[in-house]
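Try each task yourself before you read its solution.

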Amino acid sequence: MSEALAAPETPSGTISPTPGFVVELDAFSGPLDLLLHLLREEQIDIADIPIARIADQFLRAIHSLGLNQAADYLEMAGRLLRLKVQMLLPRGSDEEGWEDPRAELVRRLLEYQQIKEIAHWMARSAERRSEQYPRGYLPPPPELPPPPLTVDLLELLQAVERVIAAIPAPVLHRVVPRPLDVEGATARLEALLAERAEFDWREAWGPEPNIANLLSTLLAILELARRGALHVLQPAPFAPLVIRRDASGPTH
Amino acid sequence: MPLAQLIEAALFTAARPLTVEELAMLDPDASLADVRTALDQLRETYDFNQHGVELVELAGGYQILSRPAFAAAIERAQFAVRVQRLTGAAMETLAVIAYRQPVGRMEIEEIRGVSASGVLRTLQERGLIEVVGRGEALGRPLLYGTTALFLELLGLKDLSDLPKTEELAIALRPPEPAVEDVADAAAYVPAES
């Protein structure tokens, strides 16, 4: 669309350059907007911003802000103060090599100004478009706030009871000491080794093949194997272990 | 049966703009060129006979809309209500997204100098923007883009209807060579009321 872009409207908030002014920051959509407004009010050349003056005005403008709102503005305030300090530093005689510390701010301001102009153009497009209706246009339903909750004390108590009832009873896990009897298992194994050259390890489980005895036997086998008192074989994957006294046999 | 009438009937019933491709599905014998010719016929009929509605090219498609001249009377009679206007902050955010899409929240905040999460949520709820992907940066930030509804809201055919950046008073150029032109533009006094 070739239509020339018109200047965005000035925010309705007004800032007088004298102290004791009134600021309506709600009218500004952010720190860059406020800054542009200050520059425009003062008829300041954007390429040569008197940072010290603008920084002071900016700080005065945001002075009245609440903390929530101020967050967005404080970062810019800090930036302006840093620039103010940088501008006070002696530049030396060599003007050519001097890099204007304001360049980044100017770039952002120009960029933001362009965005504002586009936004303004878009708002007018939307305005024009809103004058035309499609068939059977249904206005979007207004957003209703959720209805206020009305409960009496009894209902509240019943609800509390339901919540409490739904809480599962804490599951306590009792740890039962089940001491392993490695000595006993070792004794059983040694007795069997003395008797036979080879046997199935299940024979060493003892009279009651529970998990404790089984583990005890396994630990005893490993310990005896470490000492070289026996060799452990497994003929096939997952097959029961075979205990062998003979040290010359294949080991696993 | 003339294609123009068939298309008119379809556009009348549709709740959104219909594309040329969609309209071509109405008649298996009709080519896209036939549909375009028929659309031109329909538009001329509305304009020549001064109908209260017109054929508008919108968001990549076509829609029958009432003419702007009748908006005030229609609203007075409360047959229709205008869509709620967007705030300045929302429009600015939309502008950034429209030009820089796909764009992440950080870049939007950097350009506008304010936090954007609230505005982004509002725009998303109104269906004007959508998440179009994830960025490569740390945390793989969500990237936003504008929707067809955005084009409808602004009455644009497509994104190329947006002002070209070189047509704007200030272009997004490095400030060095542009400083002279820029200074004048920045100090303007708004002419519009």
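Predicted model: local features only at pLDDT ≥ 70, side-chain atom pairs only at ≥ 80, totals over all residues.

Residues are numbered from 1 along each chain as its sequence is written, with chains lettered from A and ligands numbered from 1 in the order in which they are written.

**Exercise 1.** Work out how many helices and strands chain A has, and in what pattern.

Start with the terms: helices (H or I, at least four residues) and strands (E, at least two) are DSSP runs, numbered from the N terminus. Counting those runs in chain A gives seven helices and three strands. Then walk along the sequence, and the pattern reads α-α-α-α-α-α-β-α-β-β.

**Exercise 2.** Do the count and the order for chain B.

Chain B comes to nine helices and five strands. From the N terminus on, its elements run α-α-α-β-β-α-α-β-α-α-β-β-α-α.

**Exercise 3.** Find what share of contacts joins residues at least 24 apart in chain B, then look at chain A.

Two residues are in contact if their C-beta atoms, placed from the backbone, lie within 7 Å. In chain B, take contacts between residues at least 6 apart in sequence: 44% of them join residues at least 24 apart. In chain A, residues 24 or more positions apart make up 51% of the contacts with a separation of 6 or more.

**Exercise 4.** Put together the sheet of β3, β4 and β5 in chain B.

Two strands pair if DSSP finds at least two bridges between them. Strand β3 (residues 103-104) of chain B pairs antiparallel with β5 (residues 142-146) of chain B over two bridges. Here B:Val103 sits opposite B:Tyr144, and B:Gly104 faces B:Leu143.

Next, β4 (residues 129-134) of chain B runs antiparallel to β5(B), joined by five bridges. B:Glu130 stands opposite B:Gly145 there.

Put together, the three strands form an open antiparallel sheet in the order β3-β5-β4 (chain B). The edge strands are β3 and β4 of chain B, each pairing on one side only.
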